[in-house]
Amino acid sequence: MGGLSRLSCGQSCRWGGTGAQTPRPRHRHPALLHPGAWWLWSLSLGTAATRTTNPLLLALLITVSAYVVATRRPDTPWSRSYGAFVKLALAVLLIRLLFATVLGSPIPGTHTLLTLPEADLPAWAQGIRLGGEVTAEALTFALYDGLKLAALLICVGAANALASPSRLLKSLPGALYEMGVAVVVALTFAPNLIADVQRLRAARRLRGRPDKGLRGLLQVGLPVLEGALERSVSLAAAMDARGYGRSAQVPAAVRRTTAALTLGGLLGVCAGTYGLLTAEGATYGIPVLLAGLAAALAGLRLGGRRSLRTRYRPDRWDVRAWLVVASGVAVAALLTLAAARDPAALHPGVVPLVAPTLPLWPAAAILLGLLPAFVALDPKEPS
């Protein structure tokens, strides 16, 4: 009895004296920024990269994204995919230069670097050249064009390294949940595959087995595919256990209104975007685009009523998220404005071949993209 009394007293003292344990509120780590903010920031930097072919500005964009990733990347397996995107960007750049060397370029040039043996092609292959003269102008044009695509890939890699795919899926509207699952599974495939390869290669090195070359690749490939299959089966079982695919009953009028708003909004977005890209539609492009976005968002909100979903500890869109998005949008808007006002500075010429210069105020605009490195908290710090 004495032991039972001491046990009861200990439980009462530890549980507040009422016999029921008081639950402690659980909060997210304060450093976790909303994943949508990271994606909007990265896509804005990618949009800015498409506005210029100046290699100095593109290198500055890559440096800005790399610095933010280095300072604000969490220590998770999926965040290690940034290096893979950098390698992919370098491969794209080299392939672009190789194509310009072997297949030639429509850019005329007078500075011949080397002359390759030219193959005689049949008449049906007119306009295609294999070999011949390789000029400095053609290689410079290919370098500028490939560097623009490489910068875009690196910006997308920054989004993959900074934003958690699972948290991004939780933040999607209910109407886009099914499509979001497919996109998130596709986005997480490459980081998980890279993590599995690194883990298996390290295990083979510890066992004294070869991990390089064709033999090592073949022996690592089977366990990697097996792990991918196991993850797919586990994901399908988890989705089935949580009732994935269930939908609520909504009135027919709401369904028709949702379809009309979504379809009309998407058509408005297409028409507005076309108007912005053409000189004749510049007057109506922005109003139609804004109206289409508003209608599409309203349709998505109504369509979310059919989704029976609950969010556990949802991410909050706070002031830091707004600042991160604003910095990326400012970079994209200012680079677009600079491309319209001073196209020669943002698109250096190659015929005649001139050295690119660094325009000051577009470079200062790109530096605004460093704001997340100071606004967002370090996710590695303890809460």
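Among contacts in the chain between residues at least 6 apart in sequence, what percentage join residues at least 24 apart? The share is 79%. Contact here means heavy atoms within 4.5 Å.

This is a predicted model, in which local features need pLDDT of at least 70 and side-chain atom pairs count only at pLDDT 80 or more, while totals for chains, interfaces and linings use all residues. Residues are numbered from 1 along each chain as its sequence is written, and side-chain values use heavy atoms, with hydrogens and water left out.

Start with the whole chain. It has 14 helices and two strands. Both are DSSP runs, numbered from the N terminus: helices are H or I with at least four residues, strands are E with at least two. Of the 383 residues, 34% count as buried. Buried means under 20% relative accessible area, exposed means over 50%, and partly exposed is in between (1.4 Å probe, protein chains only). The accessible surface of the chain is about 22,900 Å². Carbon and sulfur atoms hold 67% of that surface. Such areas come from the Shrake-Rupley method with a 1.4 Å probe; for residues, only the protein chains shown count as cover.

Now go inside. A nonpolar core is a set of buried Ala, Val, Leu, Ile, Met, Phe, Trp, Tyr and Cys residues joined through side-chain atoms within 4.5 Å. The largest one here has 42 residues. Trp 38, Trp 41, Leu 61 and Leu 335 have the most contacts inside it. Two or more residues come from each of α2 (35-49), α3 (55-72), α4 (82-102), α5 (136-162), α11 (319-341), α12 (343-346) and α13 (360-366). Helix α5 gives the most, with nine residues.

Take Leu 61 as a guide. Leave aside its neighbours within four places in sequence, and Leu 61 is in contact with Leu 45, Ala 48, Ala 49, Val 331 and Ile 366. Leu 60 sits in helix α3. With neighbours within four places again set aside, Leu 60 is in contact with Ala 363, Ile 366 and Leu 367. Leu 60 and Leu 358 are 298 residues apart along the chain, yet their C-alpha atoms are separated by 10.0 Å.

Helix α2 also holds Ser 44. Ser 44 has 10% relative accessibility, so it counts as buried. Residues up to four places away in sequence aside, Ser 44 touches Gly 328, Val 329 and Ala 332.

Next come the aromatic rings. A pair of aromatic rings is described by the distance of the centres and the angle of the planes. Rings of Phe, Tyr and Trp (its six-membered ring) pair if their centres lie within 6.5 Å; planes under 30 degrees apart count as stacked, over 60 as edge-to-face and the rest as tilted. The count comes to two aromatic pairs. In one of them, the rings of Trp 38 and Trp 41 have centres 5.9 Å apart and planes at 80°, so the pair is edge-to-face. These residues are three apart in helix α2, so about one helical turn separates them. Trp 38 counts as buried because its relative accessibility is 4%. Trp 41 is buried too, at 0%. Trp 317 and Trp 322 form an edge-to-face pair as well, with 5.6 Å from centre to centre and 70° between the planes. Trp 317 is partly exposed, with a relative accessible area of 31%. Trp 322 is exposed, at 55%.

How many salt bridges does a search of the whole structure find? It finds two. A salt bridge is a side-chain nitrogen of Lys or Arg within 4 Å of a carboxyl oxygen of Asp or Glu. Arg 96 forms one with Asp 145, and the closest N and O atoms are 3.2 Å apart. Arg 96 lies in helix α4 and Asp 145 in helix α5, so the pair ties together parts that are 49 residues apart in sequence. Arg 96 is partly exposed at 25% relative accessibility, and Asp 145 is partly exposed at 29%. Arg 320 forms a salt bridge with Asp 318, with the closest N and O atoms 3.1 Å apart. Arg 320 counts as buried at 17%, whereas Asp 318 is partly exposed at 26%.

Ile 95, Leu 98, Phe 99, Val 102, Leu 103, Leu 121, Ile 128 and Leu 130 make a nonpolar patch of about 660 Å². Patches are made of residues with over 30% relative accessible area and no salt bridge; like charges are joined within 9 Å, and nonpolar side chains (Val, Leu, Ile, Met, Phe, Trp, Tyr) within 5 Å. Leu 98 has its place in helix α4.
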